[in-house]
Amino acid sequence: MSLKYAVLAALLEGEASGYELSKVFDVSLANFWPATPQQLYRELERLAQDGLVEARTVQQERRPNKRMFTLTATGRAELSVFAAEPPKRPTAVRDELLIKIQAMDAGDPEVTRALIEERRGWARGKLDRYRRVRERLLDGRGEEEYLRTAERVGPYLTLMAGISFEEENLRWCERALAVLARRVALG
């Protein structure tokens with residue numbers, strides 16, 4: 001899959017500037033499809049050239065003009081076709097930390113412990129951020145009410161996948177740190 005479909009899906013939320021879109025990616029899509037702002041801007045230009053999004057310029061005082069992007073009917077139709085297709089390949093984990101863990105017996109256990117603690121910190125931070133986004137989406141409603149009445153549930157479901165992923169990251173980090181602590185204690 002290309003970044004193209006992630007951008008089109010993000011624009012289902014409505015018109016957005018490249019900056020606003022990068023913020024959407026940061027809180028809702030980065031947990032499963034990260035992109036830098038530069039990648040987003042390049043992709044938006046390609047999508048506009050292909051007629052999948054429409055761009056308009058908004059004049060601003062004391063700031064550079066900004067371009068706002070919206071999904072076109074053609075873009076929505078292409079996104080619909082994409083959403084109906086099965087994924088081309090199953091999920092694959094590519095995680096540099098896991099390679100380092102695989103190789104840890106050739107290195108310093110304290111360095112490995114520090115790397116896992118760093119991962120645990122990142123996971124906690126992301127989990128906190130995702131939970132804040134969840135509370136904003138729910139806006140005082142219970143989950144069942146939200147899922148029954150919200151205009152769109154896709155962003156919520158992907159957010160829940162991100163929460164589950166980071167919760168599992170935390171569980172793994174705690175387990176790995178406990179194993180390392182026991183090994184050190186056994187000396």
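Which residue of E3 stands opposite Ala55? The answer is Phe69, and the points below place this pair in its setting.

1. This is a predicted model, in which local features need pLDDT of at least 70, side-chain atom pairs count only at pLDDT 80 or more, and totals for chains, interfaces and linings use all residues. Residues are numbered from 1 along each chain as its sequence is written, and side-chain values use heavy atoms, with hydrogens and water left out.

2. The elements named here, helices (H or I, at least four residues) and strands (E, at least two), are DSSP runs numbered from the N terminus. Strands E2 and E3 pair in the antiparallel sense over six bridges, where pairing requires that DSSP finds at least two bridges between two strands. Strand E1, residues 16-17, is joined to E3 by two bridges and also runs antiparallel to E3, with Ser17 standing opposite Met68 of E3.

3. The loop between strand E2 (53-58) and strand E3 (66-71) contains Arg62, which has a positive phi of about 65° although it is not a glycine. That deserves a second look, because most residues other than glycine have a negative phi. Arg62 counts as exposed because its relative accessibility is 85%; the cut-offs are buried under 20% relative accessible area, exposed over 50%, and partly exposed in between, using a 1.4 Å probe and protein chains only.

4. Asp139, in the loop between helix H6 (109-138) and helix H7 (143-149), likewise is not a glycine and has a positive phi, of about 50°. Asp139 is exposed, since its relative accessible area is 60%.
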